[in-house]
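Dear colleague,

I am handing over the structure we talked about, and my notes on it come after it. Please look through them when you have the time.

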Amino acid sequence: MIVKRFTFNILNVNTYVLIDEKTKEAIVIDPGCQSAEERKTFKDYIINNNLEIKRVIDTHLHFDHIYGQRFVEETFGVGAEACKKDITFLNHYQDLLVMFNMPMDDEALPLKGYLVDGDVVEVGSIRLNVLQVPGHSPGGLAFYEEKEHCAFVGDTILEGGIGRTDMHRGNYDTLVNSIKEKLLPLPDDTMLYSGHGEPATLGHEKECNPEIIKIIKS
Ligand SMILES: [Zn+2]
Ligand SMILES: [Zn+2]
C-alpha cells in the first residue's frame with residue numbers, strides 16, 4: 001500500500017490517498033482540497049497515476065476535512081461515507097463556514113453511506129478496520145490497517161497533542177476513553193496518520209506526547 005499525503009486548505013488538513021499498487025485502486029480519507037489550485041493538484045495526481053477511487057471515507061465531518069468532498073464526488077463519481085453521529089456538521093456546513101470566517105463553498109452533498117465500529121473498508125488488498133473514537137467530535141472514526149501497521153486517526157491524536165474538545169459536542173473524557181480503549185492497545189510500531197501534522201508511531205507518541213503520557217498515567 002502506498003500512502004500519499006496532501007495538506008490542504010488554510011487549516012492544513014491532511015488528505016490521504018491509500019493506493020493498492022497492483023490494482024491502482026484507491027481510498028481517499030478526508031478530502032480537504034478547497035482552492036481551485038488544490039483541487040487541480042488532487043485531480044491531476046489521481047489521473048496521472050491512473051488511480052481509480054473506490055471509496056471516500058471521513059474521520060469526522062468538521063468542515064476542514066470535507067472541503068473537497070463535493071468536488072471529489074462530482075469529479076470521480078464516488079460519494080463519501082462517515083459516522084452518522086457527525087451529520088449535524090454536514091447539514092450546517094455553510095453556516096459553519098460563515099461562523100468560522102472560512103472561504104465559502106457549495107452546500108455539502110449527503111453521505112453515500114454510514115460507517116460504524118467494526119466495519120471493514122476493503123479495497124484491493126487494503127483492509128481498514130473502522131474504530132469509533134468519539135470525543136473530538138461525536139462521530140469520530142479511526143481507520144486501522146493491521147498488516148500495514150498504520151492507523152488514520154483524524155484529530156483524535158495529533159502530533160504532540162490530542163484533538164481539541166471545546167467545539168460543538170466535543171468531550172474531553174470521551175476522547176480520553178476513545179484513545180485508551182481503541183488506540184493505545186494497538187501495537188507500538190503502528191504509524192499514526194493524523195488529520196493535521198506529521199505522522200509518528202504510537203510508540204513515539206507514548207514516549208513524547210505529553211497529552212498521551214498524561215492519559216497513560218491517569
Ligand atoms: Zn476536527
Ligand atoms: Zn481537523
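Below is what was found, beginning with the overall fold.

This is a predicted model, in which local features need pLDDT of at least 70 and side-chain atom pairs count only at pLDDT 80 or more, while totals for chains, interfaces and linings use all residues. Residues are numbered from 1 along each chain as its sequence is written, and chains are lettered from A and ligands numbered from 1 in the order in which they are written.

The chain has eight helices and 14 strands (DSSP runs of H or I with at least four residues, and of E with at least two, numbered from the N terminus). Its radius of gyration, taken over C-alpha atoms, is 16 Å, close to the 17 Å that the globule rule (2.2 Å times the number of residues to the power 0.38) gives for 218 residues, so the chain is as compact as a globular protein of that length.

Of these 218 residues, 41% count as buried, that is, with 20 or more other C-beta atoms, placed from the backbone, within 10 Å of their own.

In helix 3 (residues 69-76), the buried residues are Gln 69, Val 72 and Phe 76. Seen down the helix axis, they fall within an arc of 65° (of the directions from the axis to the C-beta atoms), so they line one face of helix 3. Helix 3 is followed by Gly 77, which has a positive phi, near 75°.

Best regards

Notes:
Buried ≥ 20, exposed ≤ 12 C-beta atoms within 10 Å, placed from the backbone.
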